[in-house]
Amino acid sequence: MEPPTSEGYLKEVQKRKDRQSSLLDRYQSVMESLDQGVLEIGCGHGHWLTSYASQNSDQCCVGIDLMKHRVDKSVKKANKNELTNLHFIQAEAIEFIELIPQGTSLAAVVVLFPDPWPKKRHFRRRLIQPDFLDLLASRMNVGGKLYFRTDHHGYFDWTTEHFTDHPLWTLDSELVWPMERSTYFQEIKGPYQSLSATCIQKSAK
Ligand SMILES: C[S@@+](CC[C@H](N)C(=O)[O-])C[C@H]1O[C@@H](n2cnc3c(N)ncnc32)[C@H](O)[C@@H]1O
């Protein structure tokens, strides 16, 4: 199938390229330090990862979020705590993961209270999708973990099904959470559910 060629589409493609090129210019060395490191997607105000990084000073920890004001708050926390192993970056998850060098093996990825997109017509906007799990598996340690927590039952079931059905991941029968530290959304939301999954094979994306 021919790719779309409308002016609007081509502009979006160029904008994405520009964003990725700017991320590489600014953060290539951070991306290169991520081998055996931890990536938090949608880190919000950075509470969880700041605590984790302070207890695991030998591990490179990177938190990404789309929203600048949240990333700015997180950066302040990292600076205040003088944590040189911790970095917060404004970036979209897929655009960022694509830039992590191919030979990288992340030890863990953390996703806490991601936007649930509750309406059926918006399900395709959910972060957890087969293609996303493929891409993530290309930058994971075999044996690396994804930790997921949500207050939305529908998104929890969706994520459980996506890991169960995916050939490169297996859902863990026992959940061992890496560290407990409440996040901003954990404080304001109701009861939540957590799961973890293990990457069983690297993909070649
Ligand atoms: C509901 S908030 C949860 C924030 C934080 N994890 C917490 O528990 O307090 C979801 C966060 O994910 C971010 N986000 C949503 N989609 C994203 C994406 N594709 N890439 C990076 N961040 C994303 C949003 O900007 C928002 O800060």
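How many helices and strands does the secondary structure of the protein chain come to? In this predicted model, local features need pLDDT of at least 70 and side-chain atom pairs count only at pLDDT 80 or more, whereas totals for chains, interfaces and linings use all residues. Residues are numbered from 1 along each chain as its sequence is written. The protein chain has seven helices and seven strands (DSSP runs, numbered from the N terminus: helices are H or I with at least four residues, strands E with at least two). Read from the N terminus, the order is α-β-α-β-α-β-α-β-α-β-α-β-α-β. The radius of gyration (over C-alpha atoms) is 17 Å, close to the 17 Å given for 205 residues by the globule rule (2.2 Å times the number of residues to the power 0.38), so the protein chain is as compact as a globular protein of that length.

Turning to the interior, 32% of the 205 residues count as buried (20 or more other C-beta atoms within 10 Å of their own, C-beta atoms being placed from the backbone). Helix α2 (residues 47–55) has His47, Trp48, Leu49, Thr50, Tyr52 and Ala53 buried. These buried residues pack against β1 (38–41), β2, α3 (68–80), β3 (86–90), β4 (106–112) and α7 (contact: C-beta atoms within 7 Å).

The ligand has 20 residues around it, of which Gly42, Gly44, Ala93, Thr183 and Phe185 come nearest (near: C-beta atom, placed from the backbone, within 6 Å). Two or more residues of this shell come from each of β2 (61–65) and α7 (184–188), and α7 gives the most, with three.

Notes:
Buried ≥ 20, exposed ≤ 12 C-beta atoms within 10 Å, placed from the backbone. Contact = placed C-beta atoms within 7 Å.
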